[in-house]
Amino acid sequence: MAVTVSCPSSQFTSYWSPFVDMDVGYCYLDGNADAVEFCPHDSYHHVLAAAAYTLKEGDQPSRSGSISLFNVDADAGRFDLFHRVDTAGVFDIKWSPVGGYHSHPLLARADADGCLRIHSFDGCTIREISGEKISSSMCLCLDWNPSATSISVGHSDGSVSIVSLADSQLKKLQEWKAHDFEVWATSFDIHHPNLVYTGADDCKFSCWDTRDSPSKLAFQNSKVHEMGVCCIAKSPSDPNIVLTGSYDENLRVWDVRSISKPINEASISLGGGVWRIKYHPVVRDLVLAACMHNGFAVVKANGEKAEVVETYSKNKHGSLAYGADWQRRESLQDSKRKRSVVATCSFYDRLVRIWMPKYVDDDGK
């Protein structure tokens with residue numbers, strides 16, 4: 001089902017003013033909001049996808065969800081819903097990476113019914129082109145490899161799957177027991193695509209070499225995280241740096257040059273479980289973090305230290321801060337700096353917000 005609706009939007013003034021309101025607009029989804037993703041592909045940077053997951057409890061519990069597409073123009077103060085599809089309950093979504101095998105954007109989703117599904121985006125709507133039930137347990141997280149030819153998927157039973165995509169067909173290549181409990185994070189190494197990082201409720205941060213089948217454990221750290229590992233992100237600019245976020249409220253910076261184990265680790269407490277972390281598409285070492293019980297934070301993270309640059313009050317979102325992403329902005333014009341734009345979402349209040357960090361522009365200043 002497709003709908004066309006304009007979401008409420010705040011009045012917005014000049015983006016170059018240091019005193020401008022952070023908020024651009026907001027919208028309530030039809031289900032619990034758990035993921036937001038800006039499209040990284042040229043001509044579609046204005047497109048935001050938001051996923052929802054709703055558990056209907058009772059004698060016969062059921063899970064449902066949706067994916068909503070928005071047109072975001074922060075400079076004009078616009079935040080418009082232009083397409084929505086009803087789905088199974090969605091735990092995670094990811095757009096296909098730029099420069100991959102496919103010529104047009106694809107949106108992958110990890111569903112509560114154990115299915116991995118792929119949608120094609122034509123600029124106006126998304127259409128499911130492939131779907132496969134890959135597990136009897138729930139699919140909790142996913143990530144594309146850099147060429148967009150395969151996807152790693154983490155499951156609620158602690159297993160991880162590698163699934164190929166060719167000619168709109170999904171095929172499970174391998175699956176192995178990676179963790180003792182729910183796998184909340186899986187991430188391909190963008191510099192070494194044969195490596196996959198995983199994190200789970202067993203407090204383990206692991207790296208796997210997929211050239212073996214089943215994948216071989218390259219390293220594992222089970223001593224540093226005091227609670228479950230929720231998210232993992234590889235630095236796009238430094239091949240040695242990986243970030244992890246945990247329920248223990250810490251964002252950690254790892255140096256993984258040692259094949260046996262990370263050789264350096266720095267951390268910063270963000271005051272809430274770190275559920276999702278996203279690197280800025282342009283500014284080196286700048287990270288957006290969803291901090292569950294403590295709103296959202298913009299963090300400068302490198303191999304030596306990590307520091308909070310800015311926060312977005314937890315009062316802006318009335319429940320668990322789950323989804324966060326940066327918008328990829330168009331080229332700068334007329335020497336005016338464009339301020340960075342982010343989307344965030346929170347779970348139980350079903351809220352999606354668009355806002356602009358006050359002190360970060362796309363030149364990193």
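This is a predicted model: local features need pLDDT of at least 70, side-chain atom pairs count only at pLDDT 80 or more; totals for chains, interfaces and linings use all residues.
Visitor: Let's start with the four-strand open sheet. What's the strand order?
Guide: The order is β11-β12-β13-β14, and the pairing is antiparallel.

Visitor: Which strands sit at the edges?
Guide: β11 (139-144) and β14 (169-177). Each of these pairs on one side only.

Visitor: And what holds paired strands together in general?
Guide: Strands of a sheet pair through backbone hydrogen bonds.

Visitor: How many bridges join β12 and β13?
Guide: Five bridges, linking residues 150-155 with residues 159-166 in the antiparallel sense. In one of the pairs, Ser 150 of the structure has Ser 164 in β13 as its bridge partner.

Visitor: New topic. Where is His 192?
Guide: His 192 lies in the loop between β15 (183-188) and β16 (195-200).

Visitor: Is His 192 buried, exposed or partly exposed, and why?
Guide: His 192 counts as partly exposed because its relative accessibility is 39%. That value falls between the cut-offs of 20% and 50%.

Visitor: How far is His 192 from Asp 209?
Guide: They are 17 residues apart in sequence. In space, their C-alpha atoms are 9.7 Å apart.

Visitor: Now cysteines. How many disulfides are there?
Guide: Zero, from a search of the whole structure.

Visitor: Why is Cys 231 in no disulfide?
Guide: The nearest cysteine sulfur, that of Cys 230, is 6.0 Å away. A disulfide needs the two sulfur atoms within 2.5 Å, so Cys 231 is in none.

Visitor: Are Cys 39 and Cys 231 buried or exposed?
Guide: Cys 39 is buried, at 0% relative accessible area. Cys 231 is buried too, at 6%.

Methods:
Residues are numbered from 1 along each chain as its sequence is written. Side-chain values use heavy atoms; hydrogens and water are left out. Two strands pair if DSSP finds at least two bridges between them. Helices (H or I, at least four residues) and strands (E, at least two) are DSSP runs, numbered from the N terminus. Buried means under 20% relative accessible area, exposed over 50%, partly exposed in between (1.4 Å probe, protein chains only).
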